[in-house]
Amino acid sequence: MSLNSPNTLYRYCRSIRWLIFVALTGTATLSFAWSDHTLGTWQALAAMPAIAGAPPVAAETLDAFLAAEDTGLQALLAQEEQWARRNVPVYPPQPDALQFRAGGPPATRRQRFMAALRINPDCQLPLFLQMRPGTQPPPGSNLPWTGVTTLRRDTTARETQYQRLHPGEQVAVLEVVASASAEPDDGLDIGLWEDNGTPYGRRYGFGKQPFGDPALEFSGQAPFHMGFFHESWIIYKAARFLRRTYPEYRIHLYRSLAAYALKTGHPYWGWRFAGWALHYVQDLTQPYHANVLPGVSTVRMLWINALDIAGWHGPKDRAIRLVSNRHLALENYQYHRMRDAYLHKNPMDALLRATRNTSKDAAQAPWSDATPRQVVSQQAYDWADRTDRMLEHALPAKYISDPAYVFEQTEPDIDLFAVLQRAPQNMRDDMTQLVSELMQHFGTQSRVFMASFLPRP
């Protein structure tokens, strides 16, 4: 059969669409991009003297910032909406009723602002810092995890301590940005689609969730944290929903808010918004967030789907399971290894050193609106197949090549860093090399982005 036949092309596209949809449903449901961004941000920005050595700033409540900048924010957010409509492909326009308008009732200002950003209105956005692993907040300042996130999970889901801040309290810029860089994974993008079962999702105008299971809590954030910008034409022909990913929208919106807050004398919120934007930049450095099915070429995808059409479903099921397992295995190893390095006060761990490594920073052009798509996501896409191949050599086959094994379900408390301590040295070295390379990308792109807030030499 030839793909030049309209009927054949339709059948292949329909089948590929289902393969991609199912694969993304598993990925969107189970994973973050990089688990706990703060672990990496501390290292990436420690290598930026202008950030790490910046004078401390005074914590300021969101309500105080909004009250002071009511009029200016109306103009800024109107400009942002026009930018998104012009520059973000397949952008769902903000409903007119959500436009932020100055002079409204002070009691509803915060809710109106969050609605204009189209974020989860249940987020409390307290003044806080995330503590480094192994450290505790000062006595009396502990903030429960339920005060930071809207996600329904118990306290063992992420072993993180938080410090509550008070208005006016002096805090290091590095700590503000690093803490904020994890916030988008704590509920900002949860429940935003019209089929998520939330009243705000029905008002926000994003439409139905493009992929993932809309009934599952965490699944809905994935289209804001992934960017599939470099697939082949037939992939887009088959799965048009892949174009409905919006990290560029989030990056530009939060970056503009950050620049505005810094310019108008609100440095705490300037750096906090910068941390929010940074999160999405860092997400795009994850190869599994830039390539739909790493390790599965377009030709192989067509062949798998030909078999599936013929009634042999095993190859499709196997491909989906293995890609999902490898995605999760990569993040599991990165999280547990970096956390272990903090706990044991080992700044010379290879992953921490790689994240601080500035040797490739100067080779990249300054940040622009095109950087997320043309540089950050492109780099991750180019590394996706290589990452998939390297994982085959670096990890025991049980975790990444056995379709009967379901990562984080077969063994819910799996710690791949601990597992690899018992593996042959060559496997440990291969995994160190791979994840170090990826964390250097993470660090470089983080610094290039943050440099856009600093005066150019």
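In these legends, Ala, Val, Leu, Ile, Met, Phe, Trp, Tyr, Cys and Pro count as nonpolar, Asp, Glu, Lys and Arg as charged, and the others, Gly among them, as polar. The model is predicted, so to speak of local features we need pLDDT of at least 70, side-chain atom pairs count only at pLDDT 80 or more, and totals for chains, interfaces and linings use all residues. Residues are numbered from 1 along each chain as its sequence is written, and side-chain values use heavy atoms, with hydrogens and water left out.

View A. A cavity here is a set of points on a 1 Å grid over the protein atoms alone, where a 1.4 Å probe fits but cannot get out; lining residues have an atom within 4 Å of a point. Grid points are joined across faces, edges and corners, and a volume is the space filled by probe spheres set on the points. Counted this way, there are 5 cavities of 30 Å³ or more, and the largest cavity holds about 100 Å³ of space. Look for L77, E80, E81, W83, A84, Y91, Q94, A116, R118, Y249 and L253 around the largest cavity. Two or more of these lining residues come from each of α5 (70-87) and α11, with helices being DSSP runs of H or I, at least four residues, numbered from the N terminus. The largest share, 5 residues, belongs to α5. By class, the lining has 7 nonpolar, 1 polar and 3 charged residues.

**View B. Helix α11 against helix α12.** Helix α11 (residues 247-263) and helix α12 (residues 267-283) pack at an angle of about 165°, their axes 7 Å apart. Axes are lines fitted to C-alpha atoms over the stretch in contact, and angles run from 0 to 180 degrees between N-to-C directions. The pair α11 and α12 is therefore roughly antiparallel, a label for angles over 145 degrees; under 35 counts as roughly parallel, 65 to 115 as roughly perpendicular and the rest as oblique. Their crossing is left-handed, meaning that the near helix is turned anticlockwise from the far one by less than a right angle (clockwise would be right-handed). Among the α11 residues in this contact (heavy atoms within 4.5 Å) are I251, Y254 and L257, while α12 brings residues including W269, F273 and Y280. The contact has 16 nonpolar, 1 polar and 2 charged residues.

**View C. Helix α7 across helix α12.** The axes of helix α7 (residues 173-180) and α12 come within 7 Å and cross at roughly 40°, which makes α7 oblique to α12. This crossing is right-handed. V173, V176, V177 and A180 of α7 touch Y268, W271, R272, G275, W276 and L278 of α12. These residues divide into 8 nonpolar, 1 polar and 1 charged.

**View D. Helix α12 against helix α19.** Here α12 and helix α19 (residues 425-451) pack at about 140°, with axes 10 Å apart, so α12 is oblique to α19. The crossing is right-handed. W271, A274, A277, L278, V281 and Q282 in α12 meet F442, Q445, S446, F449 and M450 in α19.

Note on methods:
1 Å grid on protein atoms, 1.4 Å probe; cavity = no way out; pocket = protein on both sides within 12 Å on 5 of 7 lines; lining within 4 Å.
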